[in-house]
Amino acid sequence: MLWDAFLKRVADAHDLFEEDERQAFLVRFNERNLPRSDIQVAQDLNISEVTLQRRLGKGVYTHLVTSCPRLSTDKKGKFKIVRDWLKKGYILCQGNSTLWMNKTAGSHPYPIANSPYVERPPFESLCYQSLFKPGALLRIKAPRQMGKTELMARVLNAVQQQGYHKVYLNLCQPEESVVQDLDQFLRWLCVSVSRQLQKPLQLQDYWDVDLSSNDNCSAYFQDYLLEQIDCPLVLGLDTVDRLFSHLPIAQDFFGMLRAWHEDSKIIDNWQKLRLIVSHSTEAYIPLDINHSPFNVGITISLPEFTAEQVTELAQKHGQGLSQADVNLLMNRVGGHPGLIKQALIWLQTLGTMTLTQLLNEAATESGIYGSYLRKIWRELQDNPALIPALKKVIEANHSVKLPSKLAYQLESLGLVNLTGNQVMMRCELYRDYFGSRLANFGEVS
């Protein structure tokens, strides 16, 4: 196993799915970067040394501490602790070991496994078909860890095999200061696309101080990038909901995407551009109906797995689950792909533990979902308005109505299913874990 592949498996096993944290981990601990300083690596990432250290300290190391207890220290030197820990684990894996056993009594080992893909027809074929049309705009919407990024990657690889150019950008990548300034953000967009297309940067030739940032960015795409290519470009923009909290930026940027889509009907170069946007939260921000990219094109709302798809995923993880086991798993976590995958990985790794034993501890701090659930709990605490709303849903034995924004936000966290104006708890795992933490909070009206 190559070192880079090993790092990705460690990231998956520790729920490092947030792009900035994942990127900080994969780049900082890349084999060639191990002897380099933080400031050198930060320069490669186009972020400050302080930002890199914050992403490692408050993000990455928090995820790793349960498997690497030496990180539970206020002293410096955590990078060296993780580096040495990873090297030891890499040697064990090369020796065909499937576990890293923590030395801390009672703590769980963490699994390392592949990430097989299960299709959810007809969504894959709908994506392919839509992107073969000039000026296509495809929107992928689903809560976190439902498979949006995996689907986008699969689609981008498929169109690349047809001779198309592909560019993938995750909007969690740029620093906060960049997404707070439209001109900086659009420059970042142009630079990132140019680099992936391996085109020389020509911003100085297209950025006119007398024109708006949107006009400059559009000119750069239309007159330079799209003019330089003979085949279509599929641009995948992941996690665009990061912009929803920056209303002025969001209104201008999403208005520009809509304009590009409309221009593709009459301008040849824009017909070469095919857009994919993915997000977790519904676009509840105020956008003029004629300037929104969220009411045109094709929308894919990814559903949960069916029992048959859970069975298929289990087989790809080397687990021959009975129908009773599939029902047990889905009764606990629903058809949530991320939660099901994690359970299967642990079953594969632990070997002797049964699914029933695994799920009995699932809603506890020491259970297999502990890190994931604690992360959601921290986000709820950062948004206090969601807490009484979630309490109301948990305590109801039926669907309830919530204010639209609260319902959309709870759905984006993956906690509820939203049907019309009614929400219900997504699964018993969430009801049990968060129910015990919400007992002291008031009702929502």
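Modeller: We can go from the overall fold to a sheet, the cores and some backbone details.

Colleague: Anything to know before we start?
Modeller: This is a predicted model, so local features need pLDDT of at least 70, side-chain atom pairs count only at pLDDT 80 or more, and totals for chains, interfaces and linings use all residues. Residues are numbered from 1 along each chain as its sequence is written, and side-chain values use heavy atoms, with hydrogens and water left out.

Colleague: How many helices and strands does the protein chain have?
Modeller: The chain has 21 helices and 8 strands. These are DSSP runs numbered from the N terminus: helices are H or I, at least four residues, and strands are E, at least two.

Colleague: And what is the radius of gyration?
Modeller: It is 23 Å, close to the 22 Å from the globule rule for 445 residues, so the chain is as compact as a globular protein of that length. The radius is taken over C-alpha atoms, and the rule is 2.2 Å times the number of residues to the power 0.38.

Colleague: What share of the residues is buried?
Modeller: Buried residues make up 52% of the 445. Buried means under 20% relative accessible area, exposed over 50%, partly exposed in between (1.4 Å probe, protein chains only).

Colleague: Now the sheet. What is the strand order, and is the pairing parallel or antiparallel?
Modeller: The order is β6-β8-β7 in an open sheet, and the pairing is antiparallel. Strands pair if DSSP finds at least two bridges between them. The edge strands are β6 (400-401) and β7 (416-419).

Colleague: How many bridges join β7 and β8?
Modeller: They pair over 4 bridges, with β8 covering residues 422-425. T419 stands opposite Q422 in β8.

Colleague: Which helix packs on that sheet?
Modeller: Helix α19 (residues 386-395) does, touching β6, β7 and β8. Contact means heavy atoms within 4.5 Å.

Colleague: On to the cores. Which residues have the most contacts inside the largest one?
Modeller: L380, L415, L429, Y430 and F434, in a nonpolar core of 50 residues. Such a core is a set of buried Ala, Val, Leu, Ile, Met, Phe, Trp, Tyr and Cys residues joined through side-chain atoms within 4.5 Å. A second, separate core of 45 residues includes L137, L186, L235 and W270.

Colleague: Last topic, the backbone. Which peptide bond is cis?
Modeller: The bond from P121 to P122 is cis, with omega near 5°. P122 is in the loop between α5 (78-94) and α6 (123-131).

Colleague: What is phi of Q145?
Modeller: Near 60°, a positive value in a residue other than glycine. Q145 lies in the loop between β1 (137-141) and α7 (148-161).

Conventions
Axes fitted to C-alpha atoms, helices over the stretch in contact; angles between N-to-C directions.
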